[in-house]
Every structure is written in structure tokens, then in C-alpha cells.
Amino acid sequence: MPIVVKNLTHIYMPGTPFESVALRDVNWNVEDGEFWGLIGHTGSGKSTLIQHLNGLLKPTWGEVIVDGVNISERGVNLREIRQKVGLVFQYPEHQLFEETVEKDVAFGPKNLGLPEEEVTRRVKEALELVGLKYDEIKDRSPFELSGGQMRRVAIAGVLAMKPKVLILDEPTVGLDPRGRDEILGQIVRLRERQNITVILVSHSMEDIAKLVDKIAVMHKGRMVESGTPKQVFKNYEALASIGLDIPQVTHLMIKLKNKGKDVATDVLTVEEAEAEILRAARRKGHA
Amino acid sequence: MAAEILAEGVCYQYSQSSKMALKDVDLRIRKGEFVAIIGPNGSGKSTLAKLFNGLFVPTKGRVTVDGLDTRDRENVWKIRQKVGMVFQNPDNQIVATVVEEDVAFGPENLGVPPEEIRKRVDEALEIVELKDFAQKPPHLLSGGQKQRVAIAGIIAMRPDYIIMDEPTAMLDPVGRKEVINTVKRLNREEGKTIVLITHFMEEAVEAARVIVMSEGRVVMEGSPREIFSKVGKLKAIGLDVPQVTELAHRLRGQGLAVRNDVLTIDEMVECLCPLL
């Protein structure tokens, strides 16, 4: 399900002393099934942008077209849009509220007016998708789970709505490396199984580099870069000038290249760096 | 009496839990040190931090700060003045509507005279490099700036030890760097003892000593170089190493002559240059 953002500008509190321009003329095409990483600092406009994709915010100017429908047009069913575009906020576990895990995950599908068997089927499926065992966890209180588990229950609540596009705002903040790898691994598997479009908002270049097909960079309300990770990281000087890091290994290869070493710099992961350095060392007879 | 925080045979059990959160922890934090504590979620790091200033008292064993036992209620105020705490979420730590008033809150509560408070607040804001923000409302600051306001509030109470429980977890990369630079300066220039609990290995690398916790126990202890050279062991308990450290480890596995204790990009460049 494609999303097209055209000349999107958003101004908070226009016409007041508190007026601030959060987005300026943003253009973005998200194709069906793509996996995007959205990066930028706090205050760069990332959150404002993603809240437009399911109609939580309306453009001041410009258009957001979801699956061919301009969502600011009169008479558009926003409930339907929000069902198609699932948004997982930062710290989604703060939004858990029910007595049991099952009730919490069932809340959305129930509100859709689905029959009970369908609700249960969806709850089961959503919990398994995030790596939790339905029978073991369904009757527990969400508040007695570990932080990582709570977060997965919250994500399951969004998945139970069967969205076609899943947007996750910093899903790994505050988790340890294992918790982070679990959540990211589940997102990858989810894409493989359901072929949904995913937009991942993150500060971590190293996570984004190894996962996504494309990266969009926000800075001061504008989309300043977009393309494959290799294309975007090529402009590392531009990224550095707006205070964004590139993955350590990419940075390493660029430094080696600058020292006159014959190495490729479009390296994104530790594995790729290993292969490239071994290749260069072998050529010199050192390995 | 030794100037140090000392944990001896410390066990801690939360009242509603059947499991020990800390098991037989022995640890010494010397005055002036910069120590990082790393470990997976649930390994006991935050529990340990709360034992250092008497927010919790041990179920078994004892914690002393400059010789003062945290179990003795009489010592609580003295200990809290010696040991300041900085937490994860800056928004939960800021109480006033103007930056300098927020920084003044702690010393005011200690009954410090007004002229002295003024002096301390100015100094503290100078140290965290927020002098120009003294009159600003905190909610207009960035996450990194807010966290530095929280740190200034602690500095103004003049503690010897500052315990930081994941102070950068909620910040973006720029905010993280701001806070870590402040922490380094506090240790090197102001001589404060720092205990930094973190999930970010690049931050732990900055410390002089790293303590690794797993399942309520201290499982490793040493310089960042010693600790991060044990890539396999760290991964087994669910921790990361910096990308370049892992790369060095893998290249060694392939027979390339690189050091196994590489921590930074520049060190790695130095190692690799002769080979390429």
C-alpha cells in the first residue's frame, strides 16, 4: 500500500506567538512493501511527519495520499486509514491499560466490531508474531511483565489491527542489546511473513544500516536526504554537519580510504567490513 | 576512614519477589574514580545504584559510604549529601519553571544561605555549560540540555560521588554526547567520583574501570580494554561490543595480525594501515 507525501508543510499554532514550522515542503514516496528508516534529531520533524501518515495531524499545506486516498479530503474515513496504517509510539508500554494481556491486545479488534472468534484468532496471531506464547501469557497482567515483554505486548496490540503499513517510533529505546535485537528481529520476520510496509524511526544508524532498504533524513523540518543506506552514507560529511553519526565500520572504511588505502567505503555492517578488509589484506599478501 | 563506597557481601531482595536481585556483591568505588557499570536489563545495575546512597538498604551484607553504614538511619542525610543520583528521564527530575531555580532547589533544601546558593548555582551552570540558559524555562530545552540541568542540580549539592542511572537512554546522539562530555569533565576537572550505568558501550569505553553485572552478580571487572577484548563472553551474557572491537576480533579469527583490544576507530585505522 503506497503512501505519497506531496509538498507537506505543517505549522503548529499558526497565527499565534507560539507559531512554529515543524515541516517544510516535504516530498516522500513510500512504495508498497518497502522498509524505510527515518532518522533525524529530536525536533527535526520525524514525529510530526509520521503523525500525518495516519491522519493524526492534518497538513497545513500539501497532501498525504494513502493507498490512493487524499486523507485530508472531506468525507474520508479516518478510522479506516488508522486501521491500515498502524503507529507504535515511543514507550508504547505506557499505553497498556487492561487487566490481562489478552484483553489489552483484543481492545483494537474488538472496537472494529469483529466477531469474537476472529478477535481471539487475531490476538493469538499478533502475540506469536512478537514472539510471545499466547497460552502462557494471555491471562497475565501486562504490568507484571518485563520491560521488553510489555513493549512486545503493546506492539501486538497494533498488529492485531492487521495494518498494511507499520510505523514504529524508536521501538528499542531503553532496551538492552538483547531486547533490542529481539524486537528488531521480530520486525524483520514480520515483514517476511506478511510483506507489510515498515517505517522505522530510530537514532541508531548501526541498527538502521543493517535492516532497511531506504533511509530518509530529516533536519529542521526538511527531508534533506533519501535513498538506499549506501547512497545516504556516502554523504557522510553532510550527515556529520547536522550532527548525525554513520555506522562505526562505515566511518572506519572512509578513514582508511582517506589514508590512501584501496578499500570500498560503501560498507554498512561488521560482516561487510570484515570481507572488504580481508580482500584488501590478501591483495597485499597479509592474509 | 577510607574515602570510598564499599559493598560487602550485598544481597538484595524486593519484597514482592521470590528472587534475589543482587547476590553477594563485593565492590569498591574509590573517591575520584570513573566507573561504568554495564549489564543486561534485570541484571541488578539499578538496584545496586539505589543501594549506594541508601535509597535501598541491603537485605544481607552492608554498604558503607566513607565508612558510614547505610543501614544506620542516623547516617541517611549525611550519605545523601555525599552521594548524588541522576536518573534516566530528565522530565521527572526537573521541578522548577526557571533553570536556575531548579538548580537552586537542592541547596535550598539543605538550608544553604542565599549568597552561597547563588555562588553554587552559577558554578554548577558553568560546569554543565548552560550559563546562558539560567533564566530559561526548562521545558524549552532539548533533552540533553535538560539532563545537564538535572546534573547541575546535583552538582550544586556538592556531592563527592555522582551515580548516574542510564542518563542518556532517552536522548538523541547529540544530547548523548553533550551529557557524556559533561560527565568526563566532572570527573577529570572537578574530581567527582562517577558511577555511570549505561547500555551504550561507547560510553563505557570512556570510564577507567568497567564492571559487568549479570543475574545479580558482578561477573567481570577491569579496564575497558580488558573487558571489551572478551567479545565472546560479553555476547554470551547479551551485551554488545563496539563495532570496531568486534571487527578486530573477527579479523583475528581470520588470521590477520590486529590487536584484540581495539576500542576506537582511530586505533583500528592504526592497526590496519600496515596491512593494507
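**A sheet in chain B**

Modeller: Start with one pair of residues. B:Glu4 stands opposite B:Arg30, a residue of β2(B). Keep in mind that this is a predicted model.

Now step back to the strands. Strand β1 of chain B covers residues 4-13. Its pairing with β2(B) is antiparallel and runs over seven bridges. Look next at B:Tyr12. Its bridge partner is B:Leu22, in β2(B).

How many residues does the hairpin use to join β1(B) to β2(B)? Six residues make the link between these two strands.

Four strands of chain B form an open sheet. Read across, their order is β2-β1-β4-β5, and the pairing is antiparallel. Which strands stand at the edges? They are β2 (20-30) and β5 (68-69) of chain B. Each has a single partner strand, so one side of each is left without a neighbour in the sheet.

Next, the chain around the sheet. Chain B has 11 helices and 10 strands. Its radius of gyration is 20 Å, while the globule rule gives 19 Å for 276 residues. The two values are close, so chain B is as compact as a globular protein of that length. The C-alpha trace of chain B spans about 65 × 45 × 35 Å along its principal axes. How much of chain B is buried? Buried residues make up 59% of its 276 residues.

Find A:Tyr12 in strand β1 of chain A, which covers residues 3-12.

An unreviewed UniProt entry lists residues 3-245 of chain A as "domain: ABC transporter". Over residues 3-245, chain A is 39% helix and 25% strand. The end C-alpha atoms of that stretch are 28 Å apart.

Technical notes. Residues numbered from 1 in each chain as written. Chains lettered and ligands numbered in written order. Predicted model: local features only at pLDDT ≥ 70, side-chain atom pairs only at ≥ 80, totals over all residues. Heavy atoms only, no water. UniProt positions renumbered as here; feature names shortened; annotations may be inferred. Pairing = 2+ DSSP bridges. Rg over C-alpha atoms; globule rule 2.2 N^0.38 Å. Buried < 20%, exposed > 50% of the residue type's maximum accessible area, 1.4 Å probe, protein only.
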